[in-house]
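Visitor: I am new to this structure. Please show it to me, and then I will ask about its parts.

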Amino acid sequence: MNLITLWRSLASGGLIGLIFWIILWNGWLTPVQEVPRWIELLLLLTPLMLMVRGVLHGRPSTHVYALLASLFYASMGCWYAMAPPEQWYGYVLLFLSVCLYVGGYMTAKILGKQQTQITKEIT
């Protein structure tokens, strides 16, 4: 297995996992919410859905955006991990956002080096 495949799979798994976990938790598992479900799902899923195509196709710029977005979801995971009724939601959010961060970072790093080598060879 190639290293780039491993890191891209980790980033893709973290992104798709975050999408499914947010839908599962906020759509079905929480019985009572203070904010309407559709607003919460819209606000939490829009940034992730915008990155799906770029992460799955391995675009370095999208992986950089995924790094920034994963920091938001990691901080949200830390916040929810402190609240006893939603502790598992926070733990899973934290785990998946770390997967997205590490996979996105390493993918962007490797793809950036490859693009630099290609431009050096051309010039």
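**A walk along the chain**

Visitor: Which residue follows H2, and what is its phi?
Guide: Helices are DSSP runs of H or I with at least four residues, strands are runs of E with at least two, and both are numbered from the N terminus. Directly after H2 comes glycine 58, and its phi is positive, near 75°.

Visitor: What kind of model is this?
Guide: Residues are numbered from 1 along each chain as its sequence is written, and side-chain values use heavy atoms, with hydrogens and water left out. Local features need pLDDT of at least 70, side-chain atom pairs count only at pLDDT 80 or more, and totals for chains, interfaces and linings use all residues, this being a predicted model.

Visitor: What pattern does the protein chain follow along the sequence?
Guide: The protein chain has four helices and zero strands. Its C-alpha atoms fill a box of roughly 60 × 25 × 25 Å along the principal axes. Read along the sequence, the pattern is α-α-α-α.

Visitor: Where in H2 does a kink lie?
Guide: H2 takes in residues 37-57, and its 21 residues reach 30 Å from first C-alpha to last, close to the expected 30 Å. That expected span is 1.5 Å times one less than the number of residues. A bend is the angle between axes fitted to the seven residues ending at a residue and the seven starting there. In H2 a kink of about 40° comes shortly before proline 47, at leucine 45.

Visitor: What covers the buried residues of H2?
Guide: Buried means under 20% relative accessible area, exposed over 50% and partly exposed in between, with a 1.4 Å probe and protein chains only. Among the buried residues of H2 are Leu44, Leu45, Leu48, Met51, Val52 and Val55. What covers the buried residues of H2 includes helix H1 (3-29), helix H3 (60-81) and helix H4 (87-122).

Visitor: Is histidine 63 buried or exposed, and what is its relative accessible area?
Guide: Histidine 63 has its place in helix H3. Counting as contact heavy atoms within 4.5 Å, and leaving aside neighbours within four places in sequence, histidine 63 meets Ala11, Gly54, Val55, Gly58, Gly104, Thr107 and Ala108. Histidine 63 is buried, at a relative accessible area of 0%.

Visitor: Which residues does threonine 62 touch, not counting those up to four places away in sequence?
Guide: Threonine 62 also lies in helix H3. It is buried, with a relative accessible area of 12%. The residues that threonine 62 touches are Met51, Gly54 and Val55.

Visitor: How many Å apart in space are serine 9 and cysteine 99?
Guide: Serine 9 belongs to helix H1 and is partly exposed, at 40% relative accessible area. Serine 9 and cysteine 99 stand 90 residues apart in sequence, yet from C-alpha to C-alpha the separation in space is 9.6 Å.

Visitor: Is tryptophan 88 buried or exposed?
Guide: Tryptophan 88 is part of helix H4. Its relative accessibility is 61%, so tryptophan 88 counts as exposed.

Visitor: What volume does the largest pocket have?
Guide: On a 1 Å grid over the protein atoms alone, a pocket is an open set of points where a 1.4 Å probe fits, with protein on both sides within 12 Å along at least five of seven lines, and lining residues have an atom within 4 Å of a point. The lining includes Trp25, Glu40, Tyr80 and Tyr89. Points are joined across faces, edges and corners, and volume is the space filled by probe spheres set on them. For the largest pocket the volume is about 160 Å³.
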